[in-house]
Amino acid sequence: MILQGKRILVTGVISRESIAYAVAEEAQKAGAELILTSFGRAMRLTERAAARLPRKPDVLELDVNEPEHLERLTADVSDRWDGLDGVLHAIAFAPEDALGGRFMTTPPESAIAAFQTSAYSYKSLAAALLPLFDGEGSIVGMDFDGSVAWPVYDWMGVSKAALEAVNRYLARDLGAHGVRVNLVSAGPLETLAARGIPGFRELVDLWQAQAPLGWDAEDREPVARTVCWLLSDWSKGVSGEIVHVDGGFHAMGAPLAQGQRPEATGDKAEGSNGQLSPTPEAAS
């Protein structure tokens, strides 16, 4: 088991549909001890999801935009463990008026809110928990390709591009502490939060047409297992990287010819990228 004895903090579990839940489940199967975070109205949902895991972990309060929450998180983790081996940052939020084709009319405060929660928080969480790493460890963040512009993604897309830059700078500054920092860029996945985003059904359809391996928007296992690999010692030497788990979509310049497409995996429910959320509970 590649995570045997590893102590890992997981953010972003809202329901069993969450990508972070799939990571937590795979991490426990691989031998890890877990702590989850949540806050506000989402806390009860997170605790309910935690109870469905193979071993129920503690759920600590964390609004990543509140400095006092970050300070308390460090203390609370220290009370439970004598160190930390890994962190999953699965946190993102954009106000409604920063998405859905409103890029040109988004007010600055909404763009700033998207950046703070979706990109700056990566640094905030890493800085708060860095004292708990004992000479080595791994931080993994969830991404959706920020190198191109996407329909309706708007200021969340800008924030993901910023997240990718933050990832590189964190890799630079945390390397001296033995801490690896990487992102997993997932294809569009069906989650509770995703269903609130207009237009993502089209992205799922596009993935089916362009990903050479095909794409199942309801299968979170490939993404979760890749995160677990990055959290494990098997990824030593890897930092500042963006690992694409998207069926190969990112490497194709255009949709595949009809004969090159894998067989469809069936009609999927409306899907979207699992990191987007129209609700503030995503900051947990």
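Which residue is the bridge partner of isoleucine 8 in S2?

Tutor: The model is predicted: local features need pLDDT of at least 70, side-chain atom pairs count only at pLDDT 80 or more, and totals for chains, interfaces and linings use all residues. Residues are numbered from 1 along each chain as its sequence is written, and side-chain values use heavy atoms, with hydrogens and water left out.

The bridge partner of isoleucine 8 in S2 is leucine 34. Strand S1 (residues 7-10) and strand S2 (residues 33-38) pair in the parallel sense over 4 bridges; two strands pair if DSSP finds at least two bridges between them. Helices (H or I, at least four residues) and strands (E, at least two) are DSSP runs, numbered from the N terminus.

S1 and S2 belong to an open sheet of 7 strands, ordered S3-S2-S1-S4-S5-S6-S7 with parallel pairing. At the edges stand strand S3 (58-61) and strand S7 (242-245), each with a single partner strand, so one side of each is left without a neighbour in the sheet. On average, neighbouring strands of this sheet are turned by 25° against each other, direction ignored.

Helix H1 (residues 19-29) packs on the sheet and touches S1, S2, strand S4 (84-89) and strand S5 (133-143), where contact means heavy atoms within 4.5 Å. The direction of H1 makes about 165° with that of S2; axes are lines fitted to C-alpha atoms, for helices over the stretch in contact, and angles run from 0 to 180 degrees between N-to-C directions.
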